[in-house]
Amino acid sequence: MKQRLLVSIIIILVVALSYFSYVYRSSTDAFTQQMNDAKEYRTDDYHIAIAFKDDLPAVGNNTAILRLRDTKGNPIPEATIRGQAEMAAMGSMPSMRAPVVFNEVSPGLYTAEFDLAMRGEWPLKLQISKDNKSADLSFDMATGRSGLTISSGGVSMAGEMPVNDNQATFPSTSGVDLSLNKQGFYTVGKYLIKVALLENAELRQGDNPLIITVQDRHNNALNNIDVRLLVKSVLEQSMTNHSAEGTPAQDNPALVTLLPSTDGRYHGTIVLPQAGDYDFAIDVSSELLGHGDLILTGKTGSSELHAATATPAGISHYTCSMHTSVRAAAPGSCPICGMDLVPVSKQQTQPGVISIDARRRQLIGVKTATAEYRELSKSITAVGRIAYDQHSASEINLKFDTWIGELKADFIGARVERGQVLFTVYSPELLSAQQEYLETRGRLASRGSDDSLLKAARSRLSLWNISNADIRALEQRGTPIEFLPIYAEKSGVVVNKSIVSGSYAKAGSTLLQLADLSNVWVEAEVYEADLPLLEKGMSATVSMQNLSDREYNANIDYIYPSVNPLTRTTRIRLILDNSDGELRPDMYAQVHFSRKLGKRLWVPDEAVMIAGETRVVFVDLGSEGKIKPVLVNTGQRTKGWIEITEGLSGGEQVITSGNFLIAAEAKLKTGIAQW
């Protein structure tokens, strides 16, 4: 019976282990496949791929997965990766932030959990650092939308990574890998999409039959998913916003109905009302794989369709400087006036951007500087005072009531040596104890010095601070000593005195205080903000106003654990050699520290506007006089510079003069109320 029970238990354990092993392998395989499908981005030092555990961000808890590699494709372990998703303020609702801190789960692979409070746009900023290399990246992220789109700090590697042989590649933007493989498919998120005219016919005015083929990344046909096609004339797009100038507005984009068939093919007919250039927007979606968007361009008389989203990284669109309603995905000429189109960066399309022309810039005295990574150090000066070394201090007190006889150390500052008589004392109790000891000694002399009663009487005198020498003198005299001497146990200087000759002192009261001034302390007050830069053992120089020709080298010996609530300062302690006696307690001192801060991002302090807890920097976008206010986080300040820990990237141009007038205009034009 027991053997059958044991066999049953073993079978159950084997089945359970097999099940959990299968679940683990399945989750690991899905995890690996998800990272393999994730889009990768490149900076000067890193290759970064990001995916979400549940495919797309959602309201509530989210898990992000990040793979970090170097430019050669090797995993980078032990990196520091921190970020923040932030929903901008809307009306009276303040901005909301969701911290994103990544933890390493395997070499080069990191995960982070974060909460999104509500639906909407949550732009994500990441800071990546390892050793002396760092990168700041920004992504466009929204709940319910698959994938991320990089907005600054790096570029997509989609156009740099061939899917297979015989590819024609285009620059990559907006989360779409515009690589065109030899079968004619574009990689769009988790889809492969191919658009073809029937029998490779040329686009023409009128009906144009076409087929859209949709597959997953493993070349499996996708049937019965939502595929939509919108058609819009390029000329119509540029003229729509000019009806006020006498040009009639055109019709809305035409939605083409697509009929599904087998093998992931969807049939439809495009009706082109006139000859010209057209944009074709394809939207694909399914519950399993999410959304995918692709825009192609074509023109009548040609059978070729090209990716219209082939816009260089960082460029939102191209426009005409005279007719800003014109928007194109690629360089060309304005359909209204024929002028060359100019690029508009993604930064320039962000909310809050204002324009100030060159003439007004000159009138208000606008000056700029570059946000740059620099090696700087910070100098800290603290005010302190000289104090005696408390480790060497001693107090003189007695264990019996007494009267002071002759006072030898009779003034503050008196120098005494170890063993020197400080004063003499008279006490009836002490006199009685001496007499008792002499009588006991005389009565028990025959028993020897080891007799217990004799030893007890002698110990009583020792416990009352009577020296062995005085006890021996008492034994030789045979009569009590009325005024017993009290000796200094250490060498030093009298720093406090509460007795005079003939005064009465109670047992336990402090009579004298001695301190050794061969070493002295410097206690300095350091502001709370500078404390992170200081550490025990750090070197410093100390100077005194009345000893201006001398500087003392010292190290921080101790940092006190509390902060003064009134001055917001903390005391630190240094030890100085004072063998020459020039340094005296309560002298004022200045302590100077210098701390190297390493390579950090700095801007001139004139560039940062401070409004309560908010810090704002105006970034000069460089095109058409556009300026954007940017909320930043600041760190250390030194030598006219302020460290920027979040909000800016190296190389950006910031406004250093005229900020207040620009701030007023920004508030009026953009309604910025956060600062």
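I began with Lys-53, which counts as exposed at 55% relative accessibility (exposed means over 50% relative accessible area, buried under 20%, partly exposed in between, with a 1.4 Å probe and protein chains only). The model is predicted, so I note that local features need pLDDT of at least 70, side-chain atom pairs count only at pLDDT 80 or more, and totals for chains, interfaces and linings use all residues. Residues are numbered from 1 along each chain as its sequence is written, and side-chain values use heavy atoms, with hydrogens and water left out.

**Lys-53, continued.** I placed Lys-53 in the loop between strand S2 (47–52) and strand S3 (60–69); helices (H or I, at least four residues) and strands (E, at least two) are DSSP runs numbered from the N terminus.

**Whole chain.** I found 7 helices and 45 strands in the protein chain. Of its 675 residues, 41% are buried. Among contacts (heavy atoms within 4.5 Å) with a separation of 6 or more, 63% join residues 24 or more positions apart.

**H5 and H6.** I took helix H5 (residues 452–463) and helix H6 (residues 468–477), whose axes come within 10 Å and cross at roughly 130°. Axes are lines fitted to C-alpha atoms, for helices over the stretch in contact, and angles run from 0 to 180 degrees between N-to-C directions. H5 and H6 are therefore oblique to each other (under 35 degrees is roughly parallel, over 145 roughly antiparallel, 65 to 115 roughly perpendicular, the rest oblique). On the H5 side the contact uses Arg-458, Leu-461 and Ser-462, and on the H6 side Asn-468, Ile-471, Leu-474 and Glu-475. I sorted these residues of the H5 and H6 contact into 3 nonpolar, 2 polar and 2 charged; Ala, Val, Leu, Ile, Met, Phe, Trp, Tyr, Cys and Pro count as nonpolar, Asp, Glu, Lys and Arg as charged, and the others, Gly among them, as polar.

**H4 and H6.** The axes of H4 and H6 come within 11 Å and cross at roughly 60°. That angle makes H4 oblique to H6. From H4, Gln-434, Tyr-437, Leu-438 and Arg-441 meet Ile-471, Leu-474 and Glu-475 of H6.

**Cores.** I then looked up the nonpolar cores, sets of buried Ala, Val, Leu, Ile, Met, Phe, Trp, Tyr and Cys residues joined through side-chain atoms within 4.5 Å. The largest has 32 residues, and Leu-422, Phe-423, Val-425 and Leu-512 have the most contacts inside it. Elements that each supply at least two residues of this core include strand S31 (421–426), helix H4 (428–443), H5, H6 and strand S35 (510–515). H4 gives the largest share of this core, 4 residues. A second, separate core of 31 residues includes Leu-517, Met-544, Ile-572 and Trp-641. Beyond four places in sequence, Val-425 touches residues including Phe-400, Trp-403, Leu-430 and Ile-486.

**Positive phi.** Most residues other than glycine have a negative phi. I noted Arg-568, not a glycine, with a positive phi of about 55°. Arg-568 sits in the loop between strand S38 (547–559) and strand S39 (569–577) and counts as partly exposed at 38% relative accessibility. Asp-586 has a positive phi near 75°. Asp-586 lies in the loop between S39 and strand S40 (588–604) and counts as exposed at 53% relative accessibility.
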